[in-house]
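Grab a pencil and have a look at the model below. Then work through the exercises one at a time.

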Amino acid sequence: MSMQTPKELGGLQFGLMDPETYRDMSATKVITADTYDDDGYPIDMGLMDPRLGVIDPGLECRTCGQHSGSCNGHFGHIELAAPVIHVGFTKLIRRLLRATCRECGRLALTEEEQAEFRDRLVRTRELGEDPNDVLKAAVRQARKASRCPYCGAPQHDIKHEKPTTYYEVQDVLSGDYSERIASAMQPDPDDEDDQGTSPQELAEETGIDLARVNEILAGEFRPRKDDRRAIEKALGIDLTEEDMNKLMPSDIRDWFEDIPDSDIETLGIDPERSRPEWMILTVLPVPPVTARPSITLDNGQRSEDDLTHKLVDIIRINQRFMENREAGAPQLIIEDLWELLQYHVTTFIDNEISGTPPARHRSGRPLKTLSQRLKGKEGRFRGSLSGKRVNFSARTVISPDPTLSLNEVGVPDRVAKEMTQTMNVTERNIEEARQYVRNGPESHPGANYVKRPDGRRLKVTEKNCEELAEKVEVGWEVNRHLVDGDIVIFNRQPSLHRMSIMAHEVVVMPYKTFRLNTTVCPPYNADFDGDEMNMHALQNEEARAEARVLMRVQEQILSPRFGENIIGAIQDHISGTYLLTHENPRFSETQALDLLRATSVDELPEPDGRDDGEPYWTGRTIFSLLLPDDLSLEFPSSTGDTVVIEDGQLIEGTIDEDAVGAFGGEIVDTITKVYSETRARIFINEIASLAMRAIMHFGFSLGIDDESIPDEAGEMVDEAIENAYERIEELIETYEAGELESLPGRTVDETLEMKIMQTLGKARDSAGEIAEDHFGDDNPAVIMARSGARGSMLNLTQMAGCVGQQAVRGERINRGYEDRTLSHYRKNDLSAEAHGFVENSYRGGLTPREFFFHAMGGREGLVDTAVRTSKSGYLQRRLINALSELETQYDGTVRDTSGTIVQFEFGEDGTSPVRVSSGDANDIDVDSIADRILEAEFGDEAEKQRFLGEREEPTNLSEHAEPRRVARGQGVQSDD
Amino acid sequence: MVDVNQHNLVPEHTVLDDPERVEEVLEEYNVNKTNLPKIKKNDPALRETDAEPGDVVEIVRNSRTAERAVVYRLVVE
């Protein structure tokens, strides 16, 4: 425990590790490839040496003396018989080889050039750009030098054969040098003046001894470099060929050791921390056993971790290498073993190197080695660090419950009994706490654990609960069950926007599903066809307070995406308000009170009039009861009329999707912005309740007969389609006669296709119009389409009139057989029915051929959605990663973590979309804001004072404790 | 050659010649020069100007949300 003193991280530095450091921190050298001996004990200096840490419970670590669980394990090391290249650095090794001198190791740049690059490095760091680009540029320039600017040694090109072999490309004397010289000395047969060159002349010209020249010509003597150059110059020939000189890792290590620190700094590498020769491994760290635990199978056999297997391979080859070298084995064998050692170390680090066959398990499965543990979705970073499994979470199917508030969530009792909240026992809640404990873990508002001030945790059981309850004192902690009014976080994946995770208040309920108010389906994009959601119980007061203030559903009514409400009435709610307000029906007192039963309204206003002496109230009057008293609004509805609200009274117009719907319902939006989130929550809750009552009052159902049209209408549809067919026939005739005029930018064929598509589109539309004319305004499908509750007029057209042209990739169906879509048609038939026009309606039924074409079109839709979701998911991931660290600062600028400004003012205007009141043209409605402010300013003095006092409505009050009627500002009147 | 500054979608770029103005901007946003957004010296919009690396360019553009938005960029190589 004393090891766990809190420490502050000053910084993190990444670099290479000195082989000496490896040796220093090593707990033991590992020399034996075996793990356990016959008795099952780990072998000393083997891969499971007890000094490397313990995994078996009960054993003691030989290095730190701790037991498994508290000992983190210790590194060991393997002394490699020969240096090998670290695969992670092959690119950097290649760059350094190319940039530095093979003789003196200096960077092949003059002092001035180096100074320039050092300056550039400083600037790049200041600008927050990638210093790697400077390194690359420096290497590119250094590589150009043919000679070292310091020692003058000629530089050779370096060839890199992936993954870990490097060659030096040198020019050496060609094997057939004598033949080349001889043929160059022969007289040119095409040129009479050319007498050839005699050996004497050659000797004179080059200054080489004549005897030596003869020896060279005979192939008995290989000319030295200087002599070769002289001969080449005299005869104008090239005597060299390219030779590849393989650089062994030991050569590279020697080379890198010569590079001076100052030159390394020029490249942006810190020589103190990362000497380049450390990229060539001479000693290999052995991860502690805790990082590669072996598992005992059921049959008592031990199964080792992939890393252990790989280490076994490395040690075996390492040993064979040493034995062979000591025995004086031929160079060829040594090189083979060296390569094998390189392979094993390479795959130990990364087993997915291209060009290298992955090391496999006996079963043929590729081994998961070091980099495979880190990479990818299931890797250490994305799988274990960014994404973790958590306690205090629950997941189950969701189902609707219209009696809940939109802030609430129904939690099954069996979930509530499993998830706990920590209660700090004080003088004031000790009785309550004792009662929880007394109830035990099985009955609902109970407790599962108690914690004594000394830190000891006791489990509450059915047996000890009574006894334990008496012991609970001030200062204890009680982990009690979730109860009504607790705040929890609720989430549905995919979490695409912030409204996918919201805080709800708990209502404990029987049965097994989470229950939601249906109005919160849009933000979660949830439905009840089997969707599951996750719940998280919050574990400290700070989290609970933050969740309540910032994350509660009512705080999320406005979407930052478009600045309007995303929560509002949906589907049947909209049909309900439509029925209630469209024709402004009359209701008797009983009916009116019944409609308002589930709301907080329990008194009716003055009746709107009397029918045969009986008072009646209109639908609009009833709706108006839910509106704030001073609300005035005017806007067009989606039904087509204008909604006029004056002083909280709906004067005229239909309440539909544009008024109360999710995604920008005008009234909900205004109430949220002008009044408060709490008022909006109450309004949405009550609208939903009223609408459900209304739709139940009228009754709302849809059957197949609702889509049928009279026979004469059917005939008219047929006629319209017949007309279209005739026009298409004419089009095809003009086309075949070659008289069709092509549209600009299109071929004649394309023009014909377009015109046919247009004609058929019109045919379907006119079929739709005919069908529409024959539907009554009280047709449920029409009501839904007009009010925006569900479906469209197009859906209706397709059900009653004509389904229309089926399309694949935006064209008529043109695929299938050679020159035709199906074998039922003649080849090159251009007619409508041969290319997927469905003239029947869904209600009437499709012919088999129409059905087939329809399936083709339908398939495309399915494929599109599947492709779109995966594409957009990836796009979103990349966007989130790119933007995740941007933050709006208190000065209004948007900056990244390095402080670089991205936007000088958030969104250029520095306003949050949800705080801006937007009108139709998306302009800020300055007038109405000014009006409101003036009104407040010049109200009576007391009101003004209150205005200046800036009293904000508390947002963190639990809805649970508050009776819903409070919000209307009316006192509760009891019935008796 | 086409002068992109004549195009109506290219906002107005002006080099801040006065070091005091630059100082003011840096003060206003409490930043180092290097924390400003960057613009390349060879950016077509700077071709007609004599901007050198290290200069600060003021860009005034039309904004969908604020009508007029002023941003500053640091000229880099």
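**Exercise 1.** How far apart do the C-alpha centres of domain 1 of chain A and domain 4 of chain A lie?

*Solution.* First, some ground rules: this is a predicted model, where local features need pLDDT of at least 70, side-chain atom pairs count only at pLDDT 80 or more, and totals for chains, interfaces and linings use all residues. Residues are numbered from 1 along each chain as its sequence is written, while chains are lettered from A and ligands numbered from 1 in the order in which they are written. Next, find the two domains: domain 1 covers 175-238 and domain 4 covers 572-698, with bounds from an automatic or database domain assignment. Their C-alpha centres are 110 Å apart.

**Exercise 2.** Find the largest nonpolar core and the residues with the most contacts inside it.

*Solution.* Start with the term: a nonpolar core is a set of buried Ala, Val, Leu, Ile, Met, Phe, Trp, Tyr and Cys residues joined through C-beta atoms within 7 Å. Buried means that 20 or more other C-beta atoms, placed from the backbone, lie within 10 Å of a residue's own. The largest core has 104 residues, and A:V411, A:V488, A:I622 and A:I687 have the most contacts inside it. Helix α25 (residues 677-698) of chain A, a DSSP run of H or I with at least four residues, gives the largest share, ten residues. Another core, of 53 residues, lies apart from it and includes A:W255 and A:W278.

How values were computed. Buried ≥ 20, exposed ≤ 12 C-beta atoms within 10 Å, placed from the backbone. Helix = DSSP H or I, 4+ residues; strand = E, 2+ residues; numbered from the N terminus.
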